[in-house]
Amino acid sequence: MMTSTSALKTTESTLPEFIWDEALIRRYDLSGPRYTSYPTAVEFNQNYPVEDMVKAAARSKASDRPLSLYTHLPFCAHLCYYCACNKVITKKRDKAMPYVERVLKEAAIQSRLFGADRPVTQLHWGGGTPTFLPKDVMEYLMAGYGELFNLQTGDDRDYSVEIDPREVDQDTLPTLWDLGFNRISLGVQDVNPKVQKAVNRIQPREMTEAVLNEARRLGFRSINLDLIYGLPHQTPESFAETLEAVIEMSPDRLSVFSYAHLPDRFYPQTRILADTLPTPQQKLTILHNTINRLLEAGYEYIGMDHFAKPDDSLAVAQREGRLHRNFQGYTTHSECDLVSLGVSAIGQTDDAYFQNNHDLPSWEAAIDSGQLAVTKGVNLTRDDRIRRWVIGQLICQFRLDRKLFAEVWQEDLDRYFTDELNRLKPMLQDELIADDGNALQVQPAGRLLIRAICQIFDLYRKEGASKRFSRII
């Protein structure tokens, strides 16, 4: 096959169209990282010195960049069998306040380290189920943040929260709105009752729709719905019906994740019977049909399971070359350093990553003794930062520009990445990516396989993919 540098069919408002090539998918669908960070979390030092995090925070403070504030809220009232998140299953709402009090103790330490006056332009509550928190606990947490950090109120802030529609009462959304949140993400996974029963997540479509409509009425924007394909009893036909229901709800963004069945690593998944799962071929068919249907419905394929309406800020940022990726996924706030609070939360500066203890009692003990709970992390070399930038350009903009690379890093791309560009040649021949001498441009057939393309530039994956990662598709 000849290397293609021919013009692709485009419209004024969209990136090049998407091409599905099953032979290429089979060839390149190996395991690989999702690149929410580089180096990835498997490269973190398991005995990362807290002093290194303190030094990284001091360098961050001196930079005066804005901040992103992430809070991990681990509590869930119900166990979803597919879940691989760090969570605590409990019906006891009184567990929420002691946890939040500790989060604020941790926040007080980090506020001093990072600088209390830096504008917090992005804020996210993840979990677990953030809406497990009673109204007064939510208010207490946000009031504490308001005293410790410079929370923003302008329209350009991104204050988002993950919502389980089963954990929403009449006060939940108005409370979140009053606290300054302006974006929400709703967990749906599938609207089919048989699938919902098999994963222990009974959530009628009407319940999801009611929350979404109320959020719109209040003024929330960029409302996202999460779906998962590959769950028990799903078929291409059943998932197509779920997709039609979701398209009717018309969310601004959609995340469509692949379920990775790893019962040996994630105990809740032992309750899912392997023989009820769709076959690998059915999963491929579901994904193919889903992408086609969403493009037909007017969504743009942002990449890595994400879709957005053309006027959504993610789609606009991608067209303008300023989309960014971090532990929360795609974002428009590339300039932020990430302050992370709570059990297992991961923070980030320009030259370091650091993660809190994954074990809740250990995290609590550290905070109670007035210490930070950081146990893992990595300090980035200049090479790490260069490769992170390159992978970010490919995974977010689908493009790597030689001139821009030289301006940012004062390096020659071809000289710096001689070996990588050599290893990229089969992908050029397979038309996953094109090279016109000025830039590497991911082609329509390569967009689905972007993780495989990025892996070429991953120094830690040079010997091939690790079994510790899920398959690309």
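Analyst: The questions below take up some labels and the values behind them. The model is predicted.

User: What makes the protein agree with a compact globule?

Analyst: The radius of gyration does. For 473 residues the globule rule gives a value near 23 Å, and the protein has 22 Å, so the two agree. Its C-alpha atoms fill a box of roughly 65 × 50 × 45 Å along the principal axes. Of the 473 residues, 56% count as buried. The fold comprises 17 helices and 20 strands.

User: Which residues of α2 and α3 meet?

Analyst: From α2 come Met53, Val54, Ala57, Ala58, Ser60 and Lys61. From α3 come Gln110, Arg112, Leu113 and Phe114. By class, this contact has six nonpolar, two polar and two charged residues.

User: Why is tyrosine 35 called buried?

Analyst: Its relative accessible area is 4%. Buried means under 20%, so tyrosine 35 qualifies. Tyrosine 35 sits in the loop between α1 and α2. Its phi is near 50°, a positive value in a residue other than glycine. Proline 39 is also found in the loop between α1 and α2. The peptide bond from tyrosine 38 to proline 39 is cis, with omega near -5°.

User: Is aspartate 64 buried or exposed, and how do you know?

Analyst: Aspartate 64 has a relative accessible area of 52%. The cut-off for exposed is over 50%, so aspartate 64 is exposed. Aspartate 64 lies in the loop between α2 and β1 (67-73). Its phi is near 65°, again a positive value in a residue other than glycine.

User: What makes aspartate 21 partly exposed?

Analyst: Aspartate 21 has a relative accessible area of 28%. Buried requires under 20% and exposed over 50%, so aspartate 21 falls in between. Aspartate 21 is found in the segment before α1 (22-28).

User: How far apart are aspartate 21 and glycine 446 in sequence and in space?

Analyst: They are 425 residues apart in sequence and 9.2 Å apart in space, C-alpha to C-alpha. Among contacts in the protein between residues at least 6 apart in sequence, 74% join residues at least 24 apart.

Note on methods: Residues numbered from 1 in each chain as written. Predicted model: local features only at pLDDT ≥ 70, side-chain atom pairs only at ≥ 80, totals over all residues. Heavy atoms only, no water. Contact = heavy atoms within 4.5 Å. Helix = DSSP H or I, 4+ residues; strand = E, 2+ residues; numbered from the N terminus. Nonpolar A, V, L, I, M, F, W, Y, C, P; charged D, E, K, R; others polar. Rg over C-alpha atoms; globule rule 2.2 N^0.38 Å. Buried < 20%, exposed > 50% of the residue type's maximum accessible area, 1.4 Å probe, protein only.
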